[in-house]
Amino acid sequence: MNQKVALITGAGRELGLGFATARLLAEQGHHAIVTARSQEQADTRASELRSLGLDASALVLDLADVDAYARVARRVEDDFGRLDVLVNNASTMPDMGVRSMLDVDIREAANALQVDVVATWGMTQAFRGLLEASPEGRVVNVSSRVWVLIPAAGSEVFSPAHAFAKFAVNTLSTSLAGAFTGTRVLVNAVDPGQVATHPELGLDPEDVPAAEAARWVAWAATLPADGPTGGVWFEGEPAPTSF
């Protein structure tokens, strides 16, 4: 297959950043592999893209199942023979109402670390061979501005499990970038800003549409060979370290 292939995790929601990113990468010429926890969600989103004349397919992927990473990688290799872009977008925010590290339900923290950190690590490992074989292998890990609350060491932390998981995602991205030294693979984390993906929870004036935020995920997914690696980015610049 000569066409570039991109796989996006957590792309099952119509208003979500993952689906917006899949659409934008498809519009830029990639075959977009839309993944979601349910086959129905993945199929629906991929069908929507195909109805727009875009190239897309669907795969079910439950990131809580660590054995699924290798299975999906084998499926992609069998079906397409390549992977050029891996977007680790899937995330969980189980503790929106919590404001202290001491009040977190540790089971929710474990789930956040599984989906945001372990899965990102495991998916990158599983697709290592295909990414290294690509002329322009790119890994984009979606972060969040709330990570800055962790090193700030304040008494109040918004959504602590989510914030800590994203702090870990940033560190993991830097470490993975170093591990790919000597290859053509670039690894970066992207802070998409405040994205209007859950209007049912209310919107803030600072919220931007998912399609707008997806531009910067796609930016990191299509960096040139001499582009940056190991960074945390916001709108194409180093991400702010405070609110």
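## Strand 4 and its neighbours

Strand 4 and strand 5 (residues 138-142) run in the parallel sense, joined by four bridges; two strands count as paired if DSSP finds at least two bridges between them. Strand 4 also pairs with strand 1 (residues 5-8), again in the parallel sense, over three bridges. There, Ala6 stands opposite Val85.

Which way do the side chains of strand 4 (residues 85-88) point? Val85 and Val87 go one way, Leu86 and Asn88 go the other way, and all are buried. Buried means under 20% relative accessible area, exposed means over 50%, and partly exposed is in between (1.4 Å probe, protein chains only).

A word on the model: it is predicted, so local features need pLDDT of at least 70 and side-chain atom pairs count only at pLDDT 80 or more, while totals for chains, interfaces and linings use all residues. Residues are numbered from 1 along each chain as its sequence is written, and side-chain values use heavy atoms, with hydrogens and water left out.

## Aromatic pairs

How many aromatic pairs are there? The count comes to three, where rings of Phe, Tyr and Trp (its six-membered ring) pair if their centres lie within 6.5 Å, with planes under 30 degrees apart called stacked, over 60 edge-to-face and the rest tilted. One of them is Trp147 with Phe167: the ring centres are 6.4 Å apart and the planes stand at 25°, so this pair is stacked. The pair links distant parts of the chain, 20 residues apart, with Trp147 in the loop between strand 5 and helix 6 (149-152) and Phe167 in helix 7 (residues 160-179). Trp147 is buried at 11% relative accessible area, whereas Phe167 is partly exposed at 26%. Together with Phe164, these two residues form one aromatic cluster.

Trp219 and Trp233 have ring centres 5.7 Å apart and planes at 70°, so they are edge-to-face. Because Trp219 lies in helix 8 (residues 210-221) and Trp233 in strand 7 (residues 232-234), the pair ties together parts that are 14 residues apart in sequence. Trp219 is partly exposed, at 25% relative accessible area, and Trp233 is buried, at 14%.

## Arginines over rings

Two arginines are worth a look here. The charged end of Arg145 sits over the ring of Phe234, 4.6 Å from its centre; the rule asks for NZ of Lys or CZ of Arg within 6 Å of the ring centre and within 35 degrees of the ring normal. Arg45 lies over the face of Phe19, 5.6 Å from the ring centre.

## The second largest pocket

Which element gives the most to the lining of the second largest pocket? Helix 3 does, with four residues. Strand 3 (56-60) and helix 3 (67-80) each supply at least two residues of this lining, which includes Gln39, Leu59, Asp62 and Arg71. (A pocket is an open set of points on a 1 Å grid over the protein atoms alone, where a 1.4 Å probe fits, with protein on both sides within 12 Å along at least five of seven lines; lining residues have an atom within 4 Å of a point.)

Helix 3 also holds Arg74, which is partly exposed at 48% relative accessible area. The C-alpha atoms of Arg74 and Phe127 are separated by 8.7 Å, though the two residues are 53 residues apart along the chain.
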